[in-house]
Amino acid sequence: MALVMDREELADFLDEAFPQVKGEFAIDALSEEELVVRLKVEERHLRPGGTVSGPNMFALADVGIYMAILARIGRVALAVTTNASIDFMRKPVAGADLIAKIRVLKLGRVLAVGEA
């Protein structure tokens, strides 16, 4: 799937369209096969027990898939998530950024499917 936005354009659009998450996420890599996105973990992302909270892990996956789709379709701020699920395989450690590798599995005219 060809990209229509590069890393800088994608990051700028996210900051512009969603100022509430500005500085939360960083794009480490973007190619036609994969987007690598990072949650810059801070104390406020942790839950008791010293692990990144589930809602923050979910946000990383959701925002990552959103960005991977936008990199292919362009600046469409009103694209929305229609279905999502998450499996917690192991506890992420505190004091380290959380990294997600995102792949767009299917990109249709009105629906896209991705995995993080």
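## The sheet and its hairpin

Through how many residues does a hairpin join β1 to β2? In this predicted model, the hairpin that leads from β1 to β2 passes through four residues. The two strands run antiparallel and are joined by five bridges, and within this pairing Ala26 stands opposite Arg38 of β2.

These strands belong to an open sheet of four strands, whose order is β1-β2-β5-β6 and whose pairing is antiparallel. Because β1 and β6 (112–115) stand at the edges with a single partner strand each, one side of each is left without a neighbour in the sheet. From one strand to the next, the twist averages 30°.

## Arg72, a buried charge without a salt bridge

Arg72 is found in helix α2, which spans residues 54–73. The residue is buried and yet has no salt bridge, since the nearest side chain of opposite charge, that of Glu33, is 7.4 Å away, whereas a salt bridge requires a side-chain nitrogen and a carboxyl oxygen within 4 Å. A polar atom of the Arg72 side chain does, however, lie 3.4 Å from the backbone oxygen of Ser31.

Leaving aside residues up to four places away in sequence, the contacts of Arg72 include Met1, Ala2, Leu3 and Val4, together with Ser31, Glu32, Glu33 and Glu34.

## Salt bridges around Arg38

The count of salt bridges in the model comes to six. One of them is formed by the side chains of Asp28 and Arg38, with an N to O distance of 2.7 Å. Asp28 lies in strand β1 (residues 25–30) and Arg38 in strand β2 (residues 35–39), so this pair ties together parts that are 10 residues apart in sequence. Asp28 counts as partly exposed at 28% relative accessibility, and Arg38 is likewise partly exposed, with a relative accessible area of 23%.

Arg38 also forms a salt bridge with Asp97, in which the closest N and O atoms are 3.3 Å apart. Asp97 lies in the loop between α2 and β5 (98–107), while Arg38 is in strand β2, so the pair ties together parts that are 59 residues apart in sequence. With a relative accessibility of 33%, Asp97 counts as partly exposed.

## The network of Glu24, Glu42 and Arg44

Which residues are linked with Arg44 in a network of salt bridges? The network consists of Glu24, Glu42 and Arg44. Within this group, the side chains of Arg44 and Glu42 meet at an N to O distance of 3.1 Å. Arg44 is exposed, with a relative accessible area of 54%, whereas Glu42, at 40%, is partly exposed.

Definitions and conventions: Residues are numbered from 1 along each chain as its sequence is written. This is a predicted model: local features need pLDDT of at least 70, side-chain atom pairs count only at pLDDT 80 or more; totals for chains, interfaces and linings use all residues. Side-chain values use heavy atoms; hydrogens and water are left out. Buried means under 20% relative accessible area, exposed over 50%, partly exposed in between (1.4 Å probe, protein chains only). Lys and Arg count as positive and Asp and Glu as negative; His and the chain ends are not counted. A polar contact is a pair of N or O atoms within 3.5 Å; within protein, one must be able to donate a hydrogen and the other to accept it, and residues adjacent in sequence count only if both atoms are side-chain atoms. Contact means heavy atoms within 4.5 Å. Two strands pair if DSSP finds at least two bridges between them. Axes are lines fitted to C-alpha atoms, for helices over the stretch in contact, and angles run from 0 to 180 degrees between N-to-C directions.
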